[in-house]
Amino acid sequence: MAPGKTAPRLLQDLLTYDPCREDRAGRNLLTSAPPEYTPSRNGIPAVPRGNCRHALVRKEEQSLLPVAGDNHGPVYKVASYCPQCRWHIDVIVEFKDQDSSSQICGRQSDYPLHHFVYDSDNKKEINGLGAQQAPRTFSFHCTAPACPTSVRIDLRPPRFTEHDQELMMNKAQLRRRFERARELIGEREGETMSRSVDGPDFLDTFLRDSLNPAPGKTRVPLLNRKFAKTFWRDCDSILTKLGFEYTLEENEEENGPDVEAWHLPRPGEQQDVFQSTLRTTVQDARYELNTMILAVPENERQNVRHQPMYPVPSQGDIEMVLACHDYEKVAGRTRSTSTTEEDHPHFASLGAVGDFADTLIHFAYQRQSIVDKVNAPYYLECFQEIANGRNSESLQFEVAMITSKDIPNRRELEAAYRSIGLDPAHGPTFSDRFIIDQARSRLPDISPTQRDELRRNLQLIGNSRESEEIRREAMEDIDTYEEALSWLELDQSQADDFVRTMFTIKTQDNPSSIEIARRAVSIIAEHRNSDRLRQFLLEGTMTEPERDLSEAYALFEISSMSDRQNVDLSVLQSSMLVAPPSDIAKLEKAFTLIQQDQLQNYNNKEERPKESGSRVNDFPLETWPVGCRNNGNTCYLNSVLQFLFTIKPLRDLVLNFETYEQDPSPEALKNKKVGRAVVTPERVATAQNFVRELQRLFQLMIRAPTDNVLPTKHLAELALCKTDSVETEAKAADAENQDHKDSPNGTGAALIKEGEPAVATNDTVMGEGDGTKNDDVKSDGSAQATEEHSESNDKPSPPTRPPPIPPRPKAQEQAKSKDEHIAESARQQDAAEVMGNILDLISCAIKGEGLLRDGEQADLIKDIFFSDVTIVRNTTNKIEKTQELRNHHLISAGGRDRHLYAALDDDFGQSEMEGGDSKYEYIAHPAPIQIVNVRRLQFNREKKQQVRDTAQLSLDDVLYLDRYLEATNTLSGDELLHLRQAQWAKQQELQRLAVRCKELQVTEIEGLNLADAVEETAKLTESFFAGIEQQMLDPLPAPPPEELPENLHERAKVLKGELEEIDASMTQLESDIDTVFKEYHDHGYRLHAIFVHRGGTGSGHYLIYIKDFQNNTWREYNDETVRPYSEQDIFRLGPGALAAGSTGIVFVKENRTDMLTEAVCRQPDAAAAETTMNETEHKDVEMTDLPASKTEYDGLEVIEGIEKA
């Protein structure tokens, strides 16, 4: 919570708060914390120079004051007016929700004064150069627990601006009106021009009559002699905003011209003082007119009609409603009434005032420290300095009581932070654990005396932060399992052997800590029920652990200790369904050991697949897709696997892989190319291993009697492999990351880097890229280097000292490095790159069906996913055409919300190249499945870092490719090109206008375009000219030209007109572009899947949304969870919409959706679900091939794809 202030301080700040000078001060006296006082630096004035020191008077008719004997009514209002600055200030005090438990602060209460804090939720942000004259509202509430008091302060600017006053009282303007009136009405002997006081005087009379209407005093003819020479039409704006009504009335004389007249305002009776009405406006205006008239020298305002008003001061009323009219003051001192004297900054920091009695100073310190605990040390320093400055025994006693509890002041806390090597300025941002680790790191290298001093400083920090964890660390007190692990610098996943290791290290470093170390080990032993640790405490030795448990977990590819905490026993059971028969016996034994370990150490009692009611969802298994559990930052892989499973011909290929299997002999591989690379026997072996693993997974996804399955780590490793073997890939990764292993802080690894592939080949789909032009990637397939990012690990690194038996923790880390290779590789890849790699692996693993252009193997993968794209380059001499196979289209979100068509138009449209050449693209032969890859990461040159483009790409259920093809059923190639050229011309004009529009819209002032900024500057300049004589002691050496404001106003009008014209032109052009191909719908593709990344540039999570065409439903695939998803939300735009995070969008030929896709393919093995692993005999589950699906696509030479050689 922000710092607060007592009621007298709030009133004092209100009396010196000047809205017109808030920007210059850089802070708000009412809501901002006072600047901290540092004796060694020049202090910042509590009240900015030039602020109005308000002399508030009461507006009786707008106030609601307490009556005698009733000081706690439901609500009070003190309406005030400052004759000096002419601002109107209302203080409204409300006692909300009073009941028997309420206790309103005051001298008769435990809380002698209200202590208010600002309610930021009610703050109205005011931006722009013209904000000086904007109304403001500030709300506060009392921090006393049982006090229902809240305060609202409304500040309204003068009803008459400086410009209005100039219009009414400037003698030059009055002279012009006088001459004009003589021309229109005629001269009258002895008549003189109006005086400066006449305008305010006449207007006050009109307003007084409007409040007390009488017959014959409700209108003023425009040609009334006094009105014409005083106001004429120049003051129409003033009259209108005060409620006057201009009318044309029929002339009583026959055939005479209509009579122009102004009718006086018609304010109704005031029913509620809390509502702003026309009567309020008229009353406010009269107070201001009263000030203007009385400011005119008395000899110049003789014979005026104005009846002077002398309202009473309202400060006493405000003190009464704030319950601070009778607070206790320090003996022999009263608060100064000087307009320049200020209290010492320490009083402002405590929310107090200088004449507080000692008891109220103590009260202010207590309240401030409670509501703003972060700055409590500074408040204690202020309290101490006031106590010393007053030489007050009572305050010095209170200070001594506080410091005796080791509660630090600001200076002491800063010294404490520095003693452990931390910057005090960042103290509140540090976590307790970080501070403790920082202190521990210094203990081994300092003397016992220094250790005692360090622990005392740690105690001060803990007291300041109210952190029990830091306090216990300072006192070396351990009570809980978590505290014991923390003291030994362990986590829950580390085994008993590591407990002994860290015990030895700790006691060797500091022999005096032996007792607390033994207590820590004892607590861990009891929590884990570990006989080995109890044996170590009694005998100093430990028996060797059973090795069978680690081997049991390893059989199920669970090698990390942290993975054991999240084991789903039902998933392990499911994985045994597709295990080779020879492995069943050892898997059963391993499962029994894991069951016992899970029950004993992790309280995991699941012994069979989850029953109905405890499942992830309640859909019948045979009707619902299976989820894929995350296997270590592999959400991107799960999304790709789920998508591939829905592609029916690809799934059939995998399930019947033996029919398609490639002969790996060198002779059979002669001339075999995939991805423009020659395929080696080693690459085929790796690819076929991958397809077999994928086959096992697909079989499991079909037969599993559970809601989700766990893809094997070997499958993930193979999916990431780009070399001829996994071993080669692992060695390359190890060599690349060797420097990270030598880091003193351990290996720092970022989370999944969405859109940050290490290599972006021409086969990559759904990748991000770094902003490189699309055609460069497509033309040469070269790798794109992307900057690697890493995040340091907050956990302390394993011990580096030679430990006793067992081996050091670092050795364990080295043993796990191969297992962690998957996670390390995953950090450098995403769904895009994995998709491309998997398609290449499948092509390498299967026999080709012929040769395509450039010797590329023709196969089912090419038929389904690869389109033939032609790039046309118009050079000065000729037209060049090149062709390439693509399995995706790479587009940019573009930094602004738009339709997918607009982004694809950029990709396929005409673009300028070096030397005056141009190029465009079209699809010669479209594949039946189209993947659109969205580049979401862009390099921000100003920030010098990658930023995520969250612009929304709106989608339709059907994407029509007509505009991107070589020819359609309706249009020939020439006709299609002619339409595209017309579209390109409009797009070029739109781009030109967009550049200019950005120039006019973007300024350094948020929320203001260039025209508004110039207009606000003109108004500020006018205000500057009007007040220059009062604000400057000496004339400016080079005063600005007087015509500057007028020129700026004119320039603002021109800029505004230009922006409006550009807006209209861009809207029309966008409409024209959308209608060019509106009638051509020959080649439709249905939306099938959307890959979505949620997170930032350095981390996040992948999901996929897939359409089930057979059941006409959308589903969200989020790792192990698959749930229904509303089609309306698929296409929804706005905050949190899929359109802002889509990284890959998949479309399927609309007349082949049922042939090419099938989202649900389940045959749960019910018998297996009823079989427990405790049975002595195992019943084999026969793994039969699935029935072959209809192969209506097998007989086709092409499937909307590439013609076979």
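Two strands count as paired if DSSP finds at least two bridges between them. Helices (H or I, at least four residues) and strands (E, at least two) are DSSP runs, numbered from the N terminus. The structure is a predicted model, in which local features need pLDDT of at least 70 and side-chain atom pairs count only at pLDDT 80 or more, while totals for chains, interfaces and linings use all residues. Residues are numbered from 1 along each chain as its sequence is written, and side-chain values use heavy atoms, with hydrogens and water left out.

By the pairing rule, strand E20 (residues 918-925) is joined to E19 by two bridges, and the two run antiparallel. Ser911 has Lys919 in E20 as its bridge partner. Both strands belong to an open sheet of four strands, ordered E16-E15-E20-E19 with antiparallel pairing. Strand E16 (879-886) and strand E19 (911-912) are the edge strands, each pairing on one side only. Helix H38 (residues 973-1001) packs on this sheet and touches E19 and E20, where contact means heavy atoms within 4.5 Å. The direction of H38 makes about 140° with that of E20; axes are lines fitted to C-alpha atoms, for helices over the stretch in contact, and angles run from 0 to 180 degrees between N-to-C directions.

A second open sheet has seven strands, in the order E1-E5-E6-E7-E4-E3-E2, again with antiparallel pairing. Strand E1 (5-6) and strand E2 (57-58) stand at its edges with a single partner strand each, so one side of each has no neighbour in the sheet. Within the sheet, strand E4 (residues 88-95) and strand E7 (residues 149-156) pair in the antiparallel sense over eight bridges, and Asp90 stands opposite Asp154 in E7. Helix H11 (residues 358-371) lies across E1 and strand E5 (115-118), running at about 30° to E5.

A hairpin is formed by E28 and E29, with two residues between them. Five bridges join strand E28 (residues 1113-1118) to strand E29 (residues 1121-1125), and the two run antiparallel. Arg1115 stands opposite Pro1124 in E29, and Asp1119 in the turn has a positive phi of about 55°.

The next topic is the nonpolar cores. Such a core is a set of buried Ala, Val, Leu, Ile, Met, Phe, Trp, Tyr and Cys residues joined through side-chain atoms within 4.5 Å; buried means under 20% relative accessible area, with a 1.4 Å probe and protein chains only. The largest has 70 residues, of which Phe643, Leu650, Phe690, Ile842 and Phe865 touch the most other members. Helix H28 (residues 681-703) gives the most to this core, with ten residues. Leaving out residues up to four places away in sequence, Ile842 touches Leu650, Leu653, Phe690, Val691, Leu694 and Ile861. Another core, of 57 residues, lies apart from it and has Leu10, Leu29, Phe95 and Ile361 among its members.

H28 also packs against helix H26 (residues 648-655), at an angle of about 110° and with the axes 8 Å apart. H26 is therefore roughly perpendicular to H28, a term for angles of 65 to 115 degrees. Leu650, Arg651, Val654 and Leu655 in H26 meet residues of H28 including Val691, Leu694 and Phe698.

Helix H21 (residues 531-539) has Arg532, Leu533, Gln535, Phe536 and Leu537 as its buried residues. Their cover includes helix H19 (496-509) and helix H20 (514-528). Just after H21, Gly540 takes a positive phi of about 80°.

Terms used:
Buried < 20%, exposed > 50% of the residue type's maximum accessible area, 1.4 Å probe, protein only. Parallel < 35°, antiparallel > 145°, perpendicular 65-115°, else oblique.
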